[in-house]
Amino acid sequence: MTLAPRRGLFILLEGCDRTGKTTQVALLKEALSKLEHPVTSKRFPDRSTTVGKAIDGYLSSALNLEDRAIHLLFSANRWEAVQEMKRTLMEGTHIIVDRYSASGIAYSVAKGLPLDWCRDPDRGLLRPDLVLLLDQPISIAANRDGWGEERYERVDFQERVRSCFHDLSTHQDWKLIEAARDIPTVHTDILRHVQEAIQRSSDPGPLSFDLWQ
Ligand code: T5A
Ligand code: NA
């Protein structure tokens, strides 16, 4: 009889625009692969799906949508990936995810939508095992390459998103990562947290679908 593999961990990187999430996801994936951990990565929004194409149109300002309508599309974009993510984790592969429900909430709350309303469509999605919040003053992000190309890249708006991320981080056990350091230093810090989480989880327990407990 072969034993089912230990399930993989759902590792989430969150943060405001231009905090280096995509850069760090790639470095973390490479490092875990070198250490021979089965690992894959995923980003939201996934702009390749039909829903994702509408989101992409909205973000580049080609398409205008009601605040609630775009919120539901971001959530639908996570729902359409849930079975595939679940399968991957149950096969024993770790998934590093670039933005998830916390981004969904933080950006919509920053527009003035009620917190409870923002949470509801994501109820029942997978709960991450580890959340790393890349955090830095908005003025630093605003000086990074590519700033200002998309809809939400305005300093006042990002300040509100950052404060919402801070609120969310106190409700759950998130790790705050000081993102205003050089890329290798941030990577070393992230890798340490992830290795600790992998070591701790000799048995990570069942997947949780309750994001808010
Ligand atoms: N959104 C998203 C919602 O409103 N609701 C939702 O539910 C979801 C999922 C697009 C927008 O959608 C919103 C949030 C966003 O506004 P996206 O596709 O993740 O989301 O956005 P991107 O534009 O692809 O990514 P970000 O703006 O978030 O950038 P990253 O990934 O944080 O940063 P990265 O790694 O691309 O780096 C940016 C630049 O900085 C440099 C990099 O080389 C790059 O040039 N850099 C550094 N420079 C100096 N020091 C460091 N430590 C650096 N790290 C990176
Ligand atoms: Na962006």
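Okay, let's start with a helix contact: Asp 67, His 71, Phe 74, Ser 75 and Arg 78 from α3 touch Ser 101, Gly 104 and Ser 108 from α5. Contact here is two C-beta atoms, placed from the backbone, within 7 Å. Helices are DSSP runs of H or I with at least four residues, strands are runs of E with at least two, and both are numbered from the N terminus. By class, that α3 and α5 contact splits into one nonpolar, five polar and two charged residues. For the classes, Ala, Val, Leu, Ile, Met, Phe, Trp, Tyr, Cys and Pro are nonpolar, Asp, Glu, Lys and Arg are charged, and the others, Gly among them, are polar.

Quick housekeeping. This is a predicted model, where local features need pLDDT of at least 70 and side-chain atom pairs count only at pLDDT 80 or more, while totals for chains, interfaces and linings use all residues. Residues are numbered from 1 along each chain as its sequence is written, and chains are lettered from A and ligands numbered from 1 in the order in which they are written.

Back to the helices. Two packed helices are described by the angle between their axes and the distance between the axes. Helix α3, residues 67-79, packs on α5 at about 175°, and the axes are 10 Å apart. So α3 is roughly antiparallel to α5. Axes, by the way, are lines fitted to C-alpha atoms, for helices over the stretch in contact, and angles run from 0 to 180 degrees between N-to-C directions. Under 35 degrees counts as roughly parallel, over 145 as roughly antiparallel, 65 to 115 as roughly perpendicular, and the rest as oblique.

What does α3 do with α2? Those two pack at about 140° with axes 9 Å apart, which makes α2 oblique to α3. Val 51, Gly 52, Ala 54, Ile 55 and Tyr 58 of α2 make the contact with Ile 70, Leu 73, Phe 74, Ala 76 and Asn 77 of α3. That is eight nonpolar, two polar and no charged residues. The crossing of α2 and α3 is left-handed, meaning the near helix is turned anticlockwise from the far one by less than a right angle; clockwise would be right-handed.

Now α5 again, this time with α8, residues 155-171: their axes come within 8 Å and cross at roughly 130°. That pair is therefore oblique, and the α5 and α8 crossing is right-handed. By class, the contact of α5 with α8 has 11 nonpolar, no polar and one charged residues. On the α5 side you'll find Ala 102, Ile 105, Ala 106, Tyr 107, Val 109 and Ala 110, and on the α8 side Phe 157, Arg 160, Val 161, Cys 164, Phe 165 and Leu 168.

Next, the sheet. It's open, with five strands ordered β2-β3-β1-β4-β5 and parallel pairing. Strands pair if DSSP finds at least two bridges between them. The edges are β2 (39-43) and β5 (174-178), each pairing on one side only. Twist averages 20° from one strand to the next. Between β2 and β3 (residues 94-98) there are five bridges in the parallel sense, including Ser 41 with Ile 96 of β3. Lying across β1 (10-15), β4 (130-135) and β5 is α9, at about 165° to β4.

Two loop details. Phe 44 and Pro 45 are joined by a cis peptide bond, omega about 0°, and Pro 45 sits in the loop between β2 and α2 (50-59). In the loop between β1 and α1 there's Arg 18, a non-glycine residue with a positive phi near 65°.
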